[in-house]
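Reader: I've got a model open and I'd like to learn how to read it. Could you walk me through it, feature by feature?

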Number of protein chains: 2
Amino acid sequence: MSYFDAASAAPLHPVARQALTASLDEGWADPARLYREGRRARLLLDAAREAAAEAVGCRPDELVFTPSGTRAVHSGIAGALAGRRRAGHHLIVSAVEHSSVLHAAEAHHAGGGAVTEVAVDRTGAVSPSAYAEALRPDTALACLQSANHEVGTVQPVAEVAEACRAAGVPLLVDAAQSLGWGPVEGDWSLLAASAHKWGGPSGAGLLVVRKGVRFAPQGPRDERESGRAAGFENLPAIVAAAASLRAVRAEAAQESVRLRELTERIRARVPRLVPDVEVVGDPRRRLPGIVTFSCLYVDGETLLHELDRTGFSVSSGSSCTSSTLTPSHVLRAMGVLSEGNIRVSLPPGTREEDVERFLAVLPEVVAGVREKLGAPVPVREVVTRERDEALVVDALGRRCPIPVIELAKVIEDVPVGGTVRVLADDEAARLDIPAWCEMRGQEYVGEEPADRGSVYVVRRTG
Amino acid sequence: MSYFDAASAAPLHPVARQALTASLDEGWADPARLYREGRRARLLLDAAREAAAEAVGCRPDELVFTPSGTRAVHSGIAGALAGRRRAGHHLIVSAVEHSSVLHAAEAHHAGGGAVTEVAVDRTGAVSPSAYAEALRPDTALACLQSANHEVGTVQPVAEVAEACRAAGVPLLVDAAQSLGWGPVEGDWSLLAASAHKWGGPSGAGLLVVRKGVRFAPQGPRDERESGRAAGFENLPAIVAAAASLRAVRAEAAQESVRLRELTERIRARVPRLVPDVEVVGDPRRRLPGIVTFSCLYVDGETLLHELDRTGFSVSSGSSCTSSTLTPSHVLRAMGVLSEGNIRVSLPPGTREEDVERFLAVLPEVVAGVREKLGAPVPVREVVTRERDEALVVDALGRRCPIPVIELAKVIEDVPVGGTVRVLADDEAARLDIPAWCEMRGQEYVGEEPADRGSVYVVRRTG
């Protein structure tokens, strides 16, 4: 079994396991109590806070532990917005933030606040100037991830922080994907992270609020964690989180080089091994362990299942999954292909031979899925000629990746300069047909409304 | 060392420890993922939910796991209030709820909602009729603990639930202190609890919302735990919580008899061993492991320290602690003495000899603290005669328990039928002087405003 989904949850680092089990005996009591079990718990909590603060690069009294990264993000955004209520109600986020940030932005919007989503380029990166332009006199807070969780692209946090600082607006950084690799650079104001992303335990996140940042915790008051994280402290998880952060940092320099070489291998070889693949994300400014690619004419869920059967656990931002019909918001914002999407995120310690085995298995798996999907589809039946001899592919009711498969099948019938019209009602087509055109050097003319679904017009250019 | 503060946090049950460490290996992956590590995590989560639901007496799909009991209470109250917005904005709580409930009520009040606090009797119990009277047409929710965390008094939940049900109002039960002992009886609508109170790990609480109860989760949306508990599931803690709940329940019948006998021993013998003690809480309708008493003329914090030195970890709802100058809201609501307050809460497995040793040590410890506090206080200096020969004790600037000590010292100088006036500015005096009068059979006449602090008037009746 090769687990290649560290960006969802990393397996527990041995140091985390050791710290957690050790503190089950020492750290169960209430650290607010005066007796010896309480004082011992308090010492553990204080030491964990100091270690975590050192790794983050902040003062211990700026850092609180939360029950998860999601809670850190929710509390951080709500508290910073409330603290800056007098400045205004405008919130800036990037279009490729983690869902916890986007859901907090949604809640802010539902409560009457204004939200600007800053677009990203085709690599998934924001531009500092786009953030600078989004800043308004009533901007209360800006949020930006340190690196993207689906494609690994590293964001220009320091530059965006500088633009925010110049406007007097605090920047909250979601550092969930990068904190294990190193501190977040730049003059940010708030930071959120999640221990189980760096090999720490579940049940622990952290929220940093720099001194001087206006912050008004929301929800019922609670005396624990400076009033910023209600509820009894999960001390064993906190101790394990701090200890493992220190441990992964000690290994980061060496391990990042190793993983970067392994993901580079995947980036370079997958397009050679598998036809019709698009590798996405920034090839240079990226996290060491993440590589993401999309395979044309493949259903992401089937691909996941087949890879699981051959012993690989990966995730997919593909629209073709059982849980959702909406394509990954990250891939959509990047404007890249989402069908047959695979994210490989290698945990530290991943062995070279497992990556090689993945590269050996992948071509067959993709070919198998393509064969299964391609075979039963009749071609001529769905094609009719009308409206100035333009080809029409009727893919209504057909789910991703069938519309794109049908398009690919008929393009050879279109004379160079002629158009084909794909009628489809699967949301994924809106993203995947333009992405297919870009990959194939065909011209995407545009989308037209239809009685049911939409018509996607493609011109054959070669 | 004897740890007698299980009501704050119980030491980890061996079954919890075992389940937690076992699921560190099996339960770190994301249960929402489709690959085998994810499916395994999902199986563990589902099994834990079924086990917990069985112990609670609800359907598995009515129960979600939260990061703590406090979060369960906060989410439960906010969600139930929002779900019943159309009914109105009135919330009922008892005056002796856990601070998490009272703080949620405060937040509701601050947001424009109405809150009724139902009073308790001298044992700490509410009356079902008082709840019935508090119900209004615009009541959205009522909250009641299953048993009190400071004095152990069991509340008439089933009767209150019946009154609420008749009025069409959901009742939320905070079962934190009792769930380990057995299911909560009656037709309640919502229930919250905390694993570390029954010997489970920290980092896990549970929230039950009965089918048919209107519930609108608040805060940013999140797909996990039916949208009722945001953030990555803390699976090892959840598995350990469910396993240990089952384990403590299996031992509950036997252990409750044993602990009840031990606390009965403390209830009966402390007043005989230590002069000027009031044992508080209901002597019969009470939790097996909790016994609380208050010692006149003693500072609670010093008492805690001295007991800690002799090897006993207990807590205190006394006003005389470093962290707060406000007396315990529970003791205040009951109208009982708060000074020198000690709560003994025995964890399952407490040995008889440790309780005996506590009873052997306590009289000396209390006597020692009293001697220390009593000795340096000059009596005659602070007493003057004025205003119709009434004695005046000037205790301005003197902290609890000094005002009561001074009162006790001069009462012998007051002729029967005469009064003594105590001038004090320590908030604790407001509670403790009437409580002292009740204990000593003297008449508490009332309180009068003064330039600084208040005057408490006491008439000698015997």
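Reader: What share of residues 393–417 of chain A is helix, and what share is strand?

Author: Helices (H or I, at least four residues) and strands (E, at least two) are DSSP runs, numbered from the N terminus. Over residues 393–417 of chain A, 36% is helix and 12% is strand, with the end C-alpha atoms 17 Å apart. UniProt, in an unreviewed entry, lists this stretch as "domain: UPF0033"; its positions are given in the numbering used here, feature names are shortened, and annotations may be inferred rather than shown by experiment.

One caution before we go on: this is a predicted model, where local features need pLDDT of at least 70 and side-chain atom pairs pLDDT 80 or more, while totals for chains, interfaces and linings use all residues. Residues count from 1 along each chain as its sequence is written, chains are lettered from A and ligands numbered from 1 in the order written, and side-chain values use heavy atoms, leaving out hydrogens and water.

Reader: How do I read a pair of aromatic rings?

Author: You describe it by the distance of the centres and the angle of the planes. Rings of Phe, Tyr and Trp (its six-membered ring) pair if their centres lie within 6.5 Å; planes under 30 degrees apart are stacked, over 60 edge-to-face, the rest tilted. The whole structure has 10 such pairs over all chains. Take Phe4(A) and Phe358(A): centres 5.9 Å apart and planes at 70°, so they are edge-to-face.

Reader: Where do Phe4(A) and Phe358(A) sit in the chain?

Author: Phe4(A) is in the loop between β1 (2–3) and α1 (14–26) of chain A, and Phe358(A) is in helix α10 (residues 352–374), 354 residues apart. Both Phe4(A) and Phe358(A) are buried (under 20% relative accessible area; exposed is over 50%, partly exposed in between, with a 1.4 Å probe and protein chains only). Ring pairs also link Tyr3(A), Trp28(B) and Tyr35(B) into a cluster.

Reader: What sits over the ring of Trp188(A)?

Author: A charge counts as over a ring if NZ of Lys or CZ of Arg is within 6 Å of the ring centre and within 35 degrees of the ring normal. Here the charged end of Arg210(A) is 4.0 Å from the centre of the Trp188(A) ring. In chain B, Arg210(B) lies over the face of Trp188(B), at 4.1 Å.

Reader: Which residues have the most contacts inside the largest nonpolar core?

Author: In soluble globular proteins, nonpolar side chains tend to be buried together. A nonpolar core is a set of buried Ala, Val, Leu, Ile, Met, Phe, Trp, Tyr and Cys residues joined through side-chain atoms within 4.5 Å. The largest has 120 residues, and Leu206(A) and Leu206(B) have the most contacts inside it.
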